[in-house]
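Student: I've got the model open and want to check the labels against their definitions. Can we go through them?

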Amino acid sequence: MLTELYISRIGFLASMIMLAVLSPSNRVDAQTCDDPVHLRFSMIPTQDIDRDQAYYDPILFLLSKNTGKKVEMIRPVRNYSSIINGLRENWIDIAFLGPVSYLLARDQGAIIEPFAALSRRAVGIQAAGSGYHSVLITRKGSAFTSIESLKGSTLALVDKASTSGFAIPQTVFPKETGISPLKDYFSRIILTGKHDLSIQAVIEGKADAAFVGSHVFMHAVAAGKVRLEDVNVLWSSPRLPDHPFVYRGSLCESIRQIVSETFLSADQTAEGRKFLENIGADRMIKAHDSDYDIIRAIAR
């Protein structure tokens, strides 16, 4: 199991400010490239681990067939930082990250590049295309039917490296609503570690409100864990750039090319289409580091 690397106590925003000066590319020279016997894949933890693994099995099978290498799923753990550490220490070769966790990984020295992102299907509160929203939810039937009613309540956030579950609530939400800082408006703030646990906390009354990703909420709906009519959506952020799939820049160019082509052509294969169906997407699109400049701007 990957060891965990905890984010500095100096604070999320302080560390994020450094992202503005990052170079747009941090690929290593091809002469020093890595050609591992096995490829190791992992992802930030957003929901049930077993379900996540089942969702990704088809594309990982296809990746193994195309590369001729065994592809090992490194099961995600509760803390985002372990995935960041795995990329930094070269324990993980390919990963699915959030926008903020991608930028934090680069800031902490991971030699990674984004190569693909999802183009999602429209369902419920999730719009079609590439992108998603941070949404503030409360339980239907509770006293919390407006942002004003939440003063002095308990708020669930996800993880300090979560975009929609932490960064956007701490930056964009206060700017749009005038509520700043969150710690003074809410009587208690808890970190759940995963979006589905934040949703569950609201439904079970362990938290009065939570910020979660629109796409993860709809995954929970599809899994039967919650119904759309069970919650109030009190706020939705502007559209955020979608989660990047990344690979280590030190992998040999031939491997990176096969990995990229496997994901970007997923809609043209049976296994790929099954994977896309599992995660509510139509296709994959090319991702670039510059796609996440908006997140860098938020940090500034």
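Student: What makes the crossing of H7 and H8 right-handed or left-handed?
Tutor: H7 and H8 cross in the right-handed sense; that label applies when the near helix is turned clockwise from the far one by less than a right angle, and left-handed when anticlockwise. Keep in mind that this is a predicted model, where local features need pLDDT of at least 70, side-chain atom pairs count only at pLDDT 80 or more, and totals for chains, interfaces and linings use all residues. Residues are numbered from 1 along each chain as its sequence is written, and side-chain values use heavy atoms, leaving out hydrogens and water.

Student: Why is H7 called roughly perpendicular to H8?
Tutor: The axes of H7 (residues 195-203) and H8 (residues 214-222) cross at roughly 70° and come within 9 Å. Roughly perpendicular covers 65 to 115 degrees, so H7 gets that label relative to H8.

Student: Which residues make the contact?
Tutor: With contact meaning heavy atoms within 4.5 Å, His-195, Asp-196 and Ile-199 of H7 meet Val-216, Phe-217 and Ala-220 of H8.

Student: How do you know that the buried residues of H10 line one face?
Tutor: Gly-272, Phe-275, Leu-276 and Asn-278 are the buried ones in H10 (residues 270-278), buried being under 20% relative accessible area with a 1.4 Å probe, protein chains only. Down the H10 axis they fall within an arc of 160°, so they line one face; the arc is taken over directions from the helix axis to the C-beta atoms.

Student: What covers them?
Tutor: The cover includes H2, strand S4 (112-120), strand S10 (244-248) and strand S11 (281-286).

Key:
Buried means under 20% relative accessible area, exposed over 50%, partly exposed in between (1.4 Å probe, protein chains only). Helices (H or I, at least four residues) and strands (E, at least two) are DSSP runs, numbered from the N terminus. Axes are lines fitted to C-alpha atoms, for helices over the stretch in contact, and angles run from 0 to 180 degrees between N-to-C directions. Angles under 35 degrees count as roughly parallel, over 145 as roughly antiparallel, 65 to 115 as roughly perpendicular and the rest as oblique.
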